[in-house]
Amino acid sequence: MLVLLPPSEGKTAPTTGAPFTLEKLSHPTLNAHRRAVLDVLADVSARPDALELLGVGAGVASDVERNLHLDGAPTAPASSVYTGVLYAAAGLDALRPAAAERADRSVLTISALWGAVAPGDLIPAYRLSMGTLPGLGKLATAWRPHLSRALDGRAGGDVVVDCRSAPYAAAWKPPADADWVAVKVVREVAGVRKVVSHNAKHTRGVLTGHLLQRPGEPTSADELLKATEELVGTTVGTEVGSGLHYTLLEAGLSASGRGPRTLELLIS
């Protein structure tokens, strides 16, 4: 099993911890391109129009300033730095030892800065989305050949559970011999199923946590469906603001043309 996650936009910046160095990251074949992105990001973040170039608002100016000093910055495991809704629901920073070990070999966050990191990789907080970076162009395109060389062998012959959003999915496509499954969350409105954006991240996080903590790992799409069905009928989240609970009603697996199969999660 290989679970692919997007990074969270919000990150918790470590104030103590080992100083950052590329050599401590997994997938060292990515380090040359990681260095190239780090250097360009520092240059862009130092410009007067850095916020505009990075597509962010003034409220995160301090995050952009942090990009100037990533080398040697305090680090923490990626599972603690990424603290968005999906990660909170997955509980990656609070797993028991056996589940944490499974996570480190089975979960990858696809990142605009690092390419790919495991939950235990030591990283600093930073600000960079999978958009366009002056000097490198579209980051998804720039990362694609490097991620293919680094990850195709790991994914081949395994089930790939894809929880990424579209910009991060564009950075790497699992090889043809992988059992590639994209996770989609839907609601039924007037008899029509519609893709959910609100609460989808949380639901994918719940699924990720379940896959890491259940007795065995799925090795195929069919086994993934059976593992997911173990959550049917359970509360998988709470509406932000309203406090209303929502439940997984059904899980289904469908095929598509040339892309991934789809694991559809119906919530209500």
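How many cavities of 30 Å³ or more does the structure hold? I found two.

**Ground rules.** I am working with a predicted model, where local features need pLDDT of at least 70, side-chain atom pairs count only at pLDDT 80 or more, and totals for chains, interfaces and linings use all residues. Residues are numbered from 1 along each chain as its sequence is written, and side-chain values use heavy atoms, with hydrogens and water left out.

**Terms for cavities.** A cavity here is a set of points on a 1 Å grid over the protein atoms alone where a 1.4 Å probe fits but cannot get out, and lining residues have an atom within 4 Å of a point. Volume is the space filled by probe spheres set on the points, which are joined across faces, edges and corners.

**Largest cavity.** I noted a volume of about 50 Å³. Its lining is P7, S8, E9, K11, R127, L128, S129 and Y168. I sorted these into three nonpolar, two polar and three charged residues (nonpolar: Ala, Val, Leu, Ile, Met, Phe, Trp, Tyr, Cys and Pro; charged: Asp, Glu, Lys and Arg; polar: the others, Gly among them).

**Second largest cavity.** This one has about 30 Å³ of space. Its lining includes Y82, Y87, L92 and V117. Two or more lining residues come from each of α4 (78–81) and β3 (107–111) (DSSP runs numbered from the N terminus: helices H or I, at least four residues; strands E, at least two).

**L248.** I then looked up L248, which sits in strand β12 (residues 245–254). L248 is buried at 2% relative accessible area (buried is under 20%, exposed over 50%, partly exposed in between; 1.4 Å probe, protein chains only). Its C-alpha atom is 6.4 Å from that of V236, 12 residues apart along the chain.

Key:
On a 1 Å grid over the protein atoms alone, a cavity is a set of points where a 1.4 Å probe fits but cannot get out, and a pocket is an open set with protein on both sides within 12 Å along at least five of seven lines; lining residues have an atom within 4 Å of a point.
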